[in-house]
Amino acid sequence: MKGLTEAQEKRIQELLNEMTLEEKIGQMNLKSMSIVGGFDVPFEELIEMMADGRITAEEFGRLMSTAEQDYHEDDIRAGKVGALMVDDPVKGNELQKIAVEETRLGIPLLFGLDVIHGYRTVFPIAIAEAGSFEPALFEKTASMAARESRSRGINWHFAPMIDVARDARWGRVSEGPGEDPYLVSTFARHKIRGLQNDHSAPDSYIAACLKHYVAYGACESGRDYNTTGMARSLLHNAYLPPFQAAVEEGAMSAMASFNDLNGIPCTVNSFTLREMLKETFGLEGFVVSDANGIKECVNHGIAEDEADAGVQAAKAGLDMDMGTDIYSKYLAEKVESGEVSMEVIDEAVKRILGVKMWLGLFDRPYVTEEAMSRYEVLPQEHLDIALEAGKKSIVLLKNENDILPLKKDTKVSLVGTLAGSKDEVVGAWSISWRKDDCVSILDGMENAGANFEYYPCGGPEGDLNEEEIEKAIAGGDVIVAVVGELVSMSGEASSRADITLPGRQKELLTKLLASGKPVVAVFMNGRPLALEWENENLPVLVEAWHLGVQMGNAVASVLYGDTNPSGRLASTFPKVTGQCPIYYNHPNTGRPGSKSKFTSRYLDAGFEPLYPFGYGLSYTTYEYSNMQVEETDTQVIASVDVENTGKAAGDETVQLYMRDVTASIVRPVKELKGFAKVTLNPGEKKTVAISLDKANMGFFDDDRNYRLESGKFQIFLGANSRDCQMTEMNIQF
Ligand code: BGC
């Protein structure tokens, strides 16, 4: 394994030679603590209860702190556990001590956790952060999350989530970097660097876990856990590339997804796991199932019973079982009966031990007291990056009559329960956050010294408060209405069949608009929403997502013009839910959508989205001119002059797309192939050049051949996937 010395490899081999079959299988077992006594619900259900709002995060925390928990000490002592999910360094050290000092071979435990967009310093959710189009930022936020979590004993993140996701109904679009394979792959590479590459201190890196492998983002009808079916070519061209990119960067593990892919659940899919991930891409670390994934193969109807599911999973190359104990219960007898070979077990264990060795756990299994309290006070640098990431993720969707930026002395009515909530800034998959760290939009407005009054009026759930609405209308000269989704409305198991504003928020906006005063809508949400009505009726729309602990400061900074917004959409926004899935890089049809009837369109929604991928406005304007394309033996280099024609300095993200006009299979109408961010002062003009390696202009066919087909190509440069300049050229490979 890369990164291991010869001595370390030798030590792994020696351990393997010494281990009993039971000890080996123990390494293949990941357990989470369970709650015992006083509760009728298992831990998993408690998490679900928190996720769907039956209990609050605080109630969950209280329960967890008082409940009796089973940390499986006896199983650890017996060598039956290889990894644990425990977010508590003191307890973690105790359990590690059992593994290191009381088991026969003293193999340390891995501690895994969902650290998806920050540990204690919560950063923007991935769909938002991806819209910054800033690889250096992807890396920095990951590196900070790695340091913070490792200081608390977490050495393995169930991240990055790099599912290409094209259906906004799917709640988990919030967790990933959007719909485009190139942007998702860029995000994946830089997340791996940030999480894994800083070895300047023994605890400044963790092992990443790529998820959800694979095609989980293509679940049918956007319903979570649903089946996926797709042509092999699409799998290879769109869904696998981010995983390949991340493995090339040295990602240490991957998680098999819940879904079946073309009829085979990814948990037992030897083509995706063994042939592609391990043999073709070269993953050196291990693969873990998703929670209960092995057991669910019985529900899929692909395994007769749990034992059969375990056999199929192990044989397919699934190295670690998350949460079912199926490997512990059945694998030994299946090895003895010859159904599973010892090579399969040895391969899995070698990979798992390799990752533990790479993490330095054999030398430093424990968290020091100094480390545990290192981030008790969050470092200014972390807060600064959280703020920077927040600002760069905000997307200005519409700004009629330059209503934004607001002047500090403008009298503002701030409306919406979301604006006053610290709990709602963090986004799905925040586990180790603290409320005190969170800056709500209300707090942010106060910190900015804004001239405003707050009237909650209503939110994603519940009734409207008419009295407050009247006061809000009478109070300010401008109304800032914060509307959107609760955190619990996106993320896992949070698909929605209607992605318009939930609850009575549209009614709230209608009432505010009736005042005749300018209404600025600020959206807090975890997925693209269908905002056709809002776009038609409101003068200003700001997409602020769930931005993490610094959300309020980031939003205030944009509203008052201290920051010129530069964020872009990493996902297409539909006009109406019925357009989903909608994404810019779709294959062309024989009847491309147009205004005429017999084309690929909806009678009631046309064929275009509301906002295209890559879209985002600014407080200034940019003009693109003089597009040039040059060809060398190995590259196409496209350039364009970009001029800041407005009054504010700003950052513009220039995007390069291509289209293979005629090919042996139908290709997307556009594919992102590069981007560059430039800073321009008012009146300043720069030439921006982006190069594209010819080797990357091909595609996979259904037989997994990578084809570079000479012929006509279109090269586009522009501010988003819709508004581009285009040059057509012939390319010979
Ligand atoms: C999710 C994963 C997550 C795992 C462990 C599953 O339900 O699908 O994304 O990493 O739980 O918490």
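An oxygen atom of the ligand sits 2.9 Å from an N or O atom in the side chain of Lys 211, a polar contact (a pair of N or O atoms within 3.5 Å). The protein covers 92% of the 310 Å² of accessible area that the ligand has on its own, with areas taken from the Shrake-Rupley method with a 1.4 Å probe. Keep in mind that this is a predicted model, where local features need pLDDT of at least 70, side-chain atom pairs count only at pLDDT 80 or more, and totals for chains, interfaces and linings use all residues. Residues are numbered from 1 along each chain as its sequence is written, and side-chain values use heavy atoms, with hydrogens and water left out.

**Around the ligand**

- The ligand has 13 residues around it, and the closest are Asp 114, Arg 172, His 212, Asp 290 and Glu 492; a residue is near if one of its heavy atoms lies within 4 Å.
- A polar side-chain atom of Asp 114 comes to 2.4 Å from a ligand oxygen atom.
- For Arg 172, the distance from a side-chain N or O atom to an oxygen atom of the ligand is 2.7 Å.
- Sorted by class, this shell holds seven nonpolar, five charged and one polar residue (Ala, Val, Leu, Ile, Met, Phe, Trp, Tyr, Cys and Pro count as nonpolar, Asp, Glu, Lys and Arg as charged, and the others, Gly among them, as polar).

**A buried lysine**

- Lys 31 belongs to strand β1 (residues 29–32); strands are DSSP runs of E, at least two residues, and helices are runs of H or I, at least four, numbered from the N terminus.
- Lys 31 counts as buried because its relative accessibility is 8%, and buried means under 20% relative accessible area (1.4 Å probe, protein chains only).
- Leaving aside neighbours within four places in sequence, Lys 31 is in contact (heavy atoms within 4.5 Å) with residues including His 72, Asp 75 and Asp 325.

**Nonpolar cores**

- The largest nonpolar core has 101 residues, and Trp 156 and Val 214 have the most contacts inside it; such a core is a set of buried Ala, Val, Leu, Ile, Met, Phe, Trp, Tyr and Cys residues joined through side-chain atoms within 4.5 Å.
- Helix α16 (residues 342–358) supplies the largest share of this core, nine residues.
- Another core, of 83 residues, lies apart from it and includes Ala 128, Cys 438, Val 520 and Val 549.

**Helix α14**

- Among the buried residues of helix α14 (residues 306–316) are Ala 307, Gly 310, Val 311 and Ala 314.
- The buried residues of α14 pack against α12 (270–280), α13 (293–300), α15 (326–336) and α16.

Conventions. A polar contact is a pair of N or O atoms within 3.5 Å; within protein, one must be able to donate a hydrogen and the other to accept it, and residues adjacent in sequence count only if both atoms are side-chain atoms. Buried means under 20% relative accessible area, exposed over 50%, partly exposed in between (1.4 Å probe, protein chains only).
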